[in-house]
Amino acid sequence: MDLEAKKKAFVALGDFLRQFATNEFIKSEKVEHNDAFFSSFEALIETSVHYNGWFVKEQVLLAVQSWADALTEENIAQWCSAYDFSREPLKKVGLILAGNIPLVGFHDLLSVLISGNIALVKLSSNDQKLLPFLAKYLQTVEPQFQDRLIFIEGKMEGFDAVIATGSNNTARYFDYYFNSVPHVIRKNRNSVALLTGEETPEQLVELGKDIFTFYGLGCRNVSKLFVPRGYNFDAFFQGMYEQRDVIEYERYANNYDYNKAVFLMSEFKLLDNGFLTIKEDASYASPISSIYYEYYDAIDEVVERLRKDEDKIQCIVSNELTEDSIAFGQTQHPQLWDYADQVDTLEFLLKL
């Protein structure tokens, strides 16, 4: 299958998704197969919360917007320019996907198809509607994908390689079960923010997006702060204030009430603003509605610790204090070449 045909199909998908990138859906006559798909996708966005209570319309639209921004002709061309597509491996690649946030497994699917392989997709029970819909659109735009994109409901068999995403516990099972084939196994990771106290009010508002987008359920959500000793959290809480409406969502509010009660019963010292608790803790993984923090005396010490713990870290948000820092507010807007766990998925797939 010609690389240009694959790229063209994903550009068409980006054009389709761009119609839903805001709350006001705007149907374009220039988008391919729109009559067959526009109304159905509109309905799916509205009803996604019935299949996963965390997939409220606003959160689904954030995921759609992120992919609409990524799937442009320029972005896809830049991404592909770094690789050799002179051969198609045509290997059957099993994809075991997560479902914590909408369309979280789409990058793996995109990588398998663009690399010239066959995707055997095992969906998470938490995200079973959105990805198959986009797959159907792709197969309509480019019929050659018909035999290269297969959803598996039972036991996955007949694979030549595997990309599996899960928890630290399931990763041990994956490592054992898929040991005989090339594989990429992803474990739990968390994201952190390294603050100095000199951040602008605008940057702290943006940090709120890194913390609260998708209710903090993703590995790219900031769950831990490193702050200088004596840090005043007043400016931080002011930056978080724009996210106050999150407490209106019942599931989030229930988590806030429960986790706050557990912390208080354990007599932990907390800071609280009515929709977020922050607690001093050495761990990277904080519960929903909470964020951990840790004091530091020297930035170099934090940078070295994060380097040693790189297998636990997905993103580092800061004012360019580390080589791989991400700007405030950008953790949920990765580029096509920003790979999960810093493993180059496309390189892995092209070498099969």
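What follows is a short chat about aromatic pairs and backbone angles in a predicted model.

Student: What kind of model is this, and what pLDDT do local features need?
Tutor: The model is predicted; local features need pLDDT of at least 70, side-chain atom pairs count only at pLDDT 80 or more, and totals for chains, interfaces and linings use all residues. Residues are numbered from 1 along each chain as its sequence is written, and side-chain values use heavy atoms, with hydrogens and water left out.

Student: How many aromatic pairs does the structure hold?
Tutor: There are 32. Rings of Phe, Tyr and Trp (its six-membered ring) pair if their centres lie within 6.5 Å; planes under 30 degrees apart count as stacked, over 60 as edge-to-face and the rest as tilted. One of the pairs is F10 with F106, edge-to-face at 6.4 Å centre to centre and 70° between the planes.

Student: Where do F10 and F106 lie?
Tutor: F10 is in helix α1 (residues 3-18) and F106 in helix α5, so the pair ties together parts 96 residues apart in sequence. Helices (H or I, at least four residues) and strands (E, at least two) are DSSP runs, numbered from the N terminus.

Student: Is F10 buried or exposed?
Tutor: F10 is buried, at 0% relative accessible area, and F106 is buried at 1%. Buried means under 20% relative accessible area, exposed over 50%, partly exposed in between (1.4 Å probe, protein chains only).

Student: Switching to backbone, what is the phi of L103?
Tutor: L103 has a positive phi of about 60° although it is not a glycine. L103 sits in the loop between β1 and α5 (106-114) and is buried, at 4%.
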